[in-house]
Amino acid sequence: MSSATGRIIDTILPEIIDLRHELHEHPEIRFQESWTSRRISDVLTQWGIPHQTGLGKGTGIVASIAGKPGKTIALRADIDGLEVEEATGLPYASRIPGRMHACGHDGHTANLLGAARVLLECRDALRGTVRLLFQPGEEQGGGARYMIADGALDGVDAIFGLHGSPLFPAGAIAVKSGPLMASADFFRMVIQGRGCHGADPASAIDPVIVAAHITTALQTVVSREVDPRQPAVVTVAHIEAGTTTNIIPDTALLEGTIRSFDPGTDALLREAIGRIARHTAQAFRASASVSFGEKPYPPLVNDAAMTELLIDSACRTIGTANVVVLKEPQMIAEDFACYLEKVPGAFFFLGMANEPDVPYPSLHSPCYDFNDKALRTGMGVMAELALRVLSTT
Ligand code: NI
């Protein structure tokens with residue numbers, strides 16, 4: 001890290017950590033991030049960073065740090081929490097029942113504010129404009145699309161973003177060129193049977209049996225229908241039917257997720273899930289209606305040149321040993337992919353793990369907490385990257 005950047009970070013780090021904890025105490029889910037949005041706006045105002053609020057369905061913010069005339073790059077953080085009951089027992093644990101920053105977006109937000117503060121202090125060296133995107137509704141909201149619709153990418157030449165990852169050590173980042181994360185969509189099926197007394201199965205069309213058969217049959221989609229060289233996932237994650245021990249219900253509900261990297265595989269998964277559900281139900285005299293999400297997340301594909309710049313810049317900032325270049329993509333998804341469909345850029349993972357042999361709580365777990373030790377790395381990599389990209393493109 002340049003000594004100037006390092007010095008600024010050392011000075012502001014306690015303030016950024018406090019801010020992160022404050023955000024952690026106030027998790028809000030998709031498009032309801034009004035407290036969070038106000039707090040971010042207050043901080044930006046306090047620091048004299050011009051910004052526009054009310055974007056991306058109401059709680060998104062776009063801010064701008066203008067240096068000398070030049071290109072514009074965007075840095076993005078997601079700001080939403082999840083419907084999870086926190087179990088960390090931390091002094092700054094969620095104050096809102098059933099809501100938690102279980103994906104660490106509190107850390108992403110604090111990190112971007114920290115990077116912004118560094119860039120503000122280095123504004124004289126900035127050859128262009130850095131736009132800060134505070135995006136709502138990443139978790140199942142597709143907030144990126146609403147930010148884009150509100151002009152967040154207008155005039156932007158490149159975009160970068162990050163996500164905390166327990167798979168890599170704090171102090172490190174991980175990235176790869178090309179596909180980094182999968183496309184994601186969900187499916188929902190309602191099995192219509194005929195309910196009756198649990199002691200009279202012959203009078204029923206039992207949707208529980210049908211749900212069980214469909215769940216089992218769906219396991220053959222990836223194993224028997226998808227080209228084994230293509231990564232794909234079909235997960236049934238939610239089954240619901242019935243109310244008690246002696247009533248066969250009328251209906252059963254199945255929900256799950258599908259992941260892949262190319263449109264052909266995605267189409268195959270959708271066709272196979274629909275076919276298996278409908279025909280299996282039919283075989284048992286029931287029927288199944290199947291629907292998919294209206295706005296699936298596309299695969300996240302990093303631009304080769306921008307990834308190269310990111311890796312090069314990060315190696316100078318945190319040392320080559322701390323920059324992990326991945327060989328394989330991951331099956332998780334991110335709506336940052338929507339930005340990358342519009343402008344070149346790169347997304348990277350920010351390491352969270354403390355000890356190599358001690359597993360860090362997984363994302364979305366009630367025990368997950370963004371690691372404050374990663375903030376110095378995240379802020380430094382983001383700020384130095386912005387300075388570098390604007391001076392080389
Ligand atoms: Ni997340």
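Start at M189, which stands opposite V290 in β13. The model is a predicted one, so keep that in mind throughout. The two strands that matter here are β8, residues 183-192, and β13; they run antiparallel and are joined by six bridges.

Now the sheet around that pair. What is the order of the strands? It reads β10-β12-β8-β13, four strands in an open sheet with antiparallel pairing. At the edges stand β10, residues 232-241, and β13, residues 287-292. Each of these has a single partner strand, so one side of each is left without a neighbour in the sheet. From one strand to the next, the twist averages 20°.

Helix α7, residues 263-283, lies across β8, β10, β12 and β13. Relative to β13, α7 runs at about 160°.

Last item, another part of the chain: E25, in helix α1, which covers residues 3-25. Is E25 buried or exposed? Its relative accessibility is 14%, and buried means under 20%, so E25 counts as buried. And what does E25 touch? Leaving aside residues up to four places away in sequence, E25 touches P91, Y92, A93, S94, R95 and I96.

That is what I have. Comments are welcome.

Methods: Residues are numbered from 1 along each chain as its sequence is written. This is a predicted model: local features need pLDDT of at least 70, side-chain atom pairs count only at pLDDT 80 or more; totals for chains, interfaces and linings use all residues. Side-chain values use heavy atoms; hydrogens and water are left out. Two strands pair if DSSP finds at least two bridges between them. Axes are lines fitted to C-alpha atoms, for helices over the stretch in contact, and angles run from 0 to 180 degrees between N-to-C directions. Contact means heavy atoms within 4.5 Å. Buried means under 20% relative accessible area, exposed over 50%, partly exposed in between (1.4 Å probe, protein chains only).
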